[in-house]
Every structure is written in structure tokens, then in C-alpha cells.
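I opened the file to look up the fold, the strand pairing and a few backbone angles. My entries follow the order in which I checked things.

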Amino acid sequence: MTIREGQSIPPHQDNCFGCGPRNPAGLHLRMQRNGMGVVADLVLDERHEGAPGLAHGGVVAAALDDLFGGVLVVLGVPAVTANLSVDYRAPVRLGRTLTLSATCTRSAGRKLWMHGTVTDANAITTEATALFVRVGLEHFSSHADVAGPPFGDWIGQARTPSPDGSGASGVR
Ligand SMILES: CCCCCCCCCCCCCC(=O)SCCNC(=O)CCNC(=O)[C@H](O)C(C)(C)COP(=O)(O)OP(=O)(O)OC[C@H]1O[C@@H](n2cnc3c(N)ncnc32)[C@H](O)[C@@H]1OP(=O)(O)O
């Protein structure tokens with residue numbers, strides 16, 4: 001599946017907590033391709049509250065983690081989060097239109113390094129880095145049926161890992 005610049009990223013699957021349209025407890029993220037990365041707007045509300053009037057940090061981390069998963073769709077690389085590190089620079093307020101962006105900064109072997117930010121009115125509130133590790137399709141198919149759309153649509157066309165684990169185009 002080729003996703004053009006500005007085009008919507010399909011949900012990982014309909015019930016994904018981050019981007020699935022069917023998940024009633026989900027964030028319903030809608031991502032678009034931005035270069036070799038993705039961007040999304042997000043408004044958090046009282047369902048996502050931690051301190052009064054502010055977003056729970058775990059929710060913000062989950063949103064960025066899911067955006068990294070969107071970058072994988074752009075790259076066509078099945079991978080999972082091995083490590084996620086979040087710098088909370090400023091409180092994230094509820095009811096604001098937040099801009100989230102994520103990209104892959106580097107890859108080597110099976111490893112991909114991600115970087116993402118949350119901004120509110122152009123000020124960075126949150127910055128995250130993550131290590132993703134490329135996995136075979138059986139990582140997903142051994143737990144559930146992943147043949148159907150939308151998961152199957154794009155994961156079925158993902159490149160199988162090359163012997164050296166490389167193959168993520170557009171990443172260093
Ligand atoms: C086509 C697009 C597909 C998109 C995908 C859909 C996403 C779906 C939704 C997305 C939603 C959002 C995303 C989610 O929510 S993903 C859900 C949360 N993540 C998981 O559940 C992952 C669980 N963990 C595992 O399955 C395994 O531990 C993995 C697969 C990660 C590695 O186990 P595996 O046995 O396979 O590999 P390895 O142990 O030989 O390690 C390999 C290399 O990695 C290095 N390493 C490993 N761990 C760490 C670490 N913590 N810090 C630093 N380094 C680490 C390791 O040193 C080695 O390096 P090197 O020695 O080679 O240099």
C-alpha cells in the first residue's frame with residue numbers, strides 16, 4: 001500500500017486504542033502522511049484527565065506511540081515498540097487542538113528510532129523518542145486473525161524482512 005503525501009493513514013485496525021474508529025475508549029487519531037512521517041490533530045477531554053484540567057501523561061504517551069505506529073505504515077515495516085521515552089516539558093491542557101507529529105530518524109538492522117512531539121499553539125509540550133524492533137508478520141497473526149481489512153490490507157503487503165533486516169526506505 002503506497003500512501004501519498006498528505007493522504008490519510010489507515011487505522012492499524014478498527015479497534016486500535018490509538019487510531020481505531022470502532023474503539024469507544026480510543027483516541028480516534030486521524031493521521032496524515034508528512035514526508036516520511038505522520039501528523040495528526042488531537043483534542044483531549046475529561047475522559048483523558050489526570051490532574052484537574054490536564055491530560056494524563058500516559059494518554060499523551062499512548063498517542064505518540066500510536067503515531068510511531070503510523071510511521072511504520074508509511075514505511076511499510078511491521079515493528080513494535082521496544083522502548084518509549086517521554087519528556088513532559090509542559091502540562092497538556094484539555095480542550096486544546098494539539099498537533100502531533102512523528103518521524104523515523106534512523107534505522108539499523110531490525111531497529112528503528114523514532115522521534116515525536118506534541119505542540120499546543122506551536123509550543124512543544126511533549127517530546128518522545130522510541131526504539132521499534134522489526135518483527136515478522138507472525139508476531140501479529142499468532143494472536144489474532146489479521147487477514148481482514150484494514151489491518152490485512154496493508155500488513156499483507158508489507159515487505160518481509162530482508163536477511164540483514166534492512167529495507168525501511170527513506171530512513172537513515
Ligand atoms: C506494515 C506496517 C506494520 C505496522 C505495525 C503495526 C503496529 C501495530 C500497532 C502499533 C501501536 C503502537 C505500537 C505498540 O503499541 S506495539 C505494543 C507494545 N510493544 C510490544 O508489545 C513489544 C513486546 N516485545 C517484544 O515483542 C520483543 O521484546 C521485541 C520484538 C521488541 C524484541 O524481541 P526479539 O526477540 O525479536 O529481538 P531481540 O530481543 O533480539 O532484540 C532485537 C534488538 O533490539 C534490541 N532491543 C530489544 N528490546 C530493547 C529495549 N527495550 N531497549 C533497547 N534495545 C532493545 C536488542 O538489544 C537487539 O539489538 P541488537 O543486539 O540487534 O543490536
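Of the contacts in the protein with a separation of 6 or more, 65% are between residues 24 or more positions apart. I noted that this is a predicted model, in which local features need pLDDT of at least 70 and side-chain atom pairs count only at pLDDT 80 or more, while totals for chains, interfaces and linings use all residues. I number residues from 1 along each chain as its sequence is written.

Secondary structure came next. I took helices (H or I, at least four residues) and strands (E, at least two) as DSSP runs, numbered from the N terminus. I found three helices and six strands, and along the sequence they follow the pattern β-β-α-β-β-β-β-α-α.

Then I looked up the sheet. I counted two strands as paired if DSSP finds at least two bridges between them. The six strands form an open sheet in the order S1-S2-S4-S5-S6-S3, with antiparallel pairing. S1 and strand S3 (79-88) are the edge strands, each pairing on one side only. On average, neighbouring strands of this sheet are turned by 25° against each other, direction ignored. For such angles I used axes, which are lines fitted to C-alpha atoms, for helices over the stretch in contact; angles run from 0 to 180 degrees between N-to-C directions.

I went through the pairs from the S1 side. S1 and S2 are antiparallel over four bridges, and Gln32 has Val39 in S2 as its bridge partner. These two strands form a hairpin with two residues between them, and Gly35 in the turn has a positive phi of about 65°. S2 also pairs with strand S4 (residues 97-108), antiparallel over six bridges; there Leu42 is bridged to Leu98 in S4. S4 and S5 run antiparallel and are joined by ten bridges, with Val118 in S5 as the bridge partner of Leu100.

I checked what lies over the sheet. Helix H1 (residues 57-75) lies across S1, S2, S3, S4, S5 and S6 and runs at about 55° to S4.

For burial I counted other C-beta atoms, placed from the backbone, within 10 Å of a residue's own: 20 or more is buried, 12 or fewer is exposed, and anything in between is partly exposed. Buried residues are 33% of the 172 residues in the protein. Why is strand S2 largely enclosed by the rest of the structure? I found that five of the seven residues of S2 (residues 37-43) are buried, so the strand is largely enclosed.

I picked out Leu112, which sits in strand S5 (residues 111-120). Leu112 counts as buried because it has 24 C-beta neighbours inside 10 Å. Its C-alpha atom is 11 Å from that of Gly69, 43 residues apart along the chain.

Last, I checked phi. Most residues other than glycine have a negative phi. His28, not a glycine, has a positive phi near 55°. His28 lies in the segment before strand S1 (31-34) and counts as partly exposed because it has 16 C-beta neighbours inside 10 Å. Ala121 also has a positive phi, about 50°, although it is not a glycine. I placed Ala121 in the loop between S5 and strand S6 (123-134). With 9 other C-beta atoms within 10 Å, Ala121 is exposed.

Terms used. Two residues are in contact if their C-beta atoms, placed from the backbone, lie within 7 Å.
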